[in-house]
Amino acid sequence: MASNPSYKLKVIYDDKNFEPEYFGLMFTKNSKYRSTYNAALKKIIDNGEYTKIYEKWFGSRPSLDVIKSRQ
């Protein structure tokens with residue numbers, strides 16, 4: 001939407017009929033990248049950078065409690 005304002009798209013929220021969706025990454029078993037990724041994600045959540053990025057792209061605040069509970 002932000003990249004193509006001429007399309008005049010808009011977000012329609014429907015919390016009554018739809019549950020929030022969450023996305024994640026998967027790593028192969030015993031991946032050497034998993035701990036590095038998790039540490040980097042924790043760092044940007046803790047220092048507020050994740051919230052800034054999320055607000056820029058989605059226009060709302062992220063549910064940090066939900067994200068932290070699923071790490």
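**Salt bridges and helices**

Tutor: At 59% relative accessibility, Arg61 counts as exposed (buried is under 20% relative accessible area, exposed over 50%, partly exposed in between, with a 1.4 Å probe and protein chains only). This is a predicted model: local features need pLDDT of at least 70, side-chain atom pairs count only at pLDDT 80 or more, and totals for chains, interfaces and linings use all residues. Residues are numbered from 1 along each chain as its sequence is written, and side-chain values use heavy atoms, leaving out hydrogens and water.

Student: Which side chain does Arg61 meet in a salt bridge?
Tutor: That of Glu55, at 2.8 Å, N to O. A salt bridge is a side-chain nitrogen of Lys or Arg within 4 Å of a carboxyl oxygen of Asp or Glu. Glu55 is partly exposed, at 30% relative accessibility.

Student: How many salt bridges does the structure hold?
Tutor: Three. One of them joins Asp46 and Lys42, at 2.5 Å, N to O. Both residues lie in helix 1, four residues apart, about one turn of the helix. Helices are DSSP runs of H or I, at least four residues, numbered from the N terminus.

Student: Is Asp46 buried or partly exposed?
Tutor: Partly exposed, at 47% relative accessibility. Lys42 is partly exposed too, at 45%.

Student: What about Glu49, which residue is its salt-bridge partner?
Tutor: Lys52, with the closest N and O atoms 4.0 Å apart. Glu49 and Lys52 sit three residues apart in helix 2 (residues 49-58), so about one helical turn separates them.

Student: New topic. Where does Gly48 sit?
Tutor: Just after helix 1, with a positive phi of about 90 degrees.

Technical notes:
Helices (H or I, at least four residues) and strands (E, at least two) are DSSP runs, numbered from the N terminus.
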